[in-house]
Amino acid sequence: MIELQNVTLTFPDGDNRIMAVDDLTLRGGDGVVTGITGPSGSGKSSILAVAATLIRPDSGGVLIGSDADAIDGAQLSKGEATALRRERIGIVFQQSNLLPTLTAREQLQVMARLGGAAGRGRKAEIDGRVDELLDAVGLAAHAGKRPHQLSGGERQRVAIARALVHNPEVLLVDEPTSALDQERGAEIMQLIARLTHERDTATLLVTHDLVHRDALDELVTVVDGRIAQPALAV
Ligand SMILES: Nc1ncnc2c1ncn2[C@@H]1O[C@H](COP(=O)(O)OP(=O)(O)OP(=O)(O)O)[C@@H](O)[C@H]1O
Ligand SMILES: [Mg+2]
């Protein structure tokens, strides 16, 4: 579970401050894809950055975990937030941010090893997990390819697999279909939905493109940093 509680985030703007997120409360349940939509500049990416503990909000909380032992990501030091991300949060940015020199399999292996000390005993376990995920996203046959040898949709699938390789409780995805045609976009959305349901991940997915809304379990609309309507079943 991830819950943003009364989150406010402002950015400096000359003598003033821009209100990017305005006292926003949003809950993403386990095994649920919660879509976040809204106009450009409404605060969607800012919400994800706060949820990811990449930006600390001016005020409010970012609760991660079950109610009883939830951690507030907004209260952590930089080092603690980094550790939290490595262990419990998966992030897929709009650009897939793959490392150009690594193969698909290596992108996942590197991320898995960041999650903790990779003793020899863990290597076989990590390699097994990596290959299972590459298979789950339909890339088993492409595991040895580097990003420039993959299509945009395939790169996005590597990024999704990489975000899941440490079995995070929370998956945060920003505009996963923006560089893809409609058919590839639909495949990516269905893939995220399936993995969310199978792995019981609390997934927040930003999209301004509602052609893929059937892959979302819930949908909220953000306008001027606030929820414009209550979460709807879609
Ligand atoms: N690093 C920053 N410094 C200053 N202002 C910022 C920064 N990041 C975002 N903003 C501002 O905060 C507001 C929300 O931006 P945000 O990127 O969250 O919007 P968005 O909903 O993701 O838009 P888009 O659909 O275009 O990606 C905008 O007014 C934007 O200009
Ligand atoms: Mg954005």
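Select strand β1 (residues 2–13) and strand β4 (residues 59–64): the two pair in the antiparallel sense, over five bridges. This is a predicted model. To look at one position in the pairing, pick E3, whose bridge partner in β4 is L63.

Now widen the selection to the whole sheet. The sheet is open and has four strands in the order β2-β1-β4-β5, with antiparallel pairing. Which strands are the edge strands? They are β2 (16–28) and β5 (71–72), each of which pairs on one side only.

Return to β4 and follow the chain to β5. These strands run antiparallel and are joined by two bridges. Select L63 again: in β5, D72 stands opposite this residue. L63 is also the bridge partner of E3. β4 and β5 form a hairpin, with six residues between the two strands.

The crossing of α5 past α6 is right-handed.

Show the side chains at this contact:

- From α5, select G153, Q156, R157, I160 and L164.
- From α6, select I188, L191, I192, L195 and R199.

Colour them by class, and the contact of α5 with α6 shows six nonpolar, two polar and two charged residues.

The last stop is L191, in helix α6. Is L191 buried or exposed? Its relative accessibility is 6%, so L191 counts as buried; the cut-off for buried is under 20%. Which residues does L191 touch, leaving out those up to four places away in sequence? They are A136, V137, R157 and I160. Two of these names, R157 and I160, were already selected as α5 residues in the helix contact. To finish, draw a distance from the C-alpha atom of L191 to that of A179: the two residues are 12 residues apart along the chain, and the atoms are separated by 16 Å.

Terms used
Residues are numbered from 1 along each chain as its sequence is written. Chains are lettered from A and ligands numbered from 1 in the order in which they are written. This is a predicted model: local features need pLDDT of at least 70, side-chain atom pairs count only at pLDDT 80 or more; totals for chains, interfaces and linings use all residues. Side-chain values use heavy atoms; hydrogens and water are left out. A crossing is left-handed if the near helix is turned anticlockwise from the far one by less than a right angle, and right-handed if clockwise. Contact means heavy atoms within 4.5 Å. Ala, Val, Leu, Ile, Met, Phe, Trp, Tyr, Cys and Pro count as nonpolar, Asp, Glu, Lys and Arg as charged, and the others, Gly among them, as polar. Two strands pair if DSSP finds at least two bridges between them. Buried means under 20% relative accessible area, exposed over 50%, partly exposed in between (1.4 Å probe, protein chains only).
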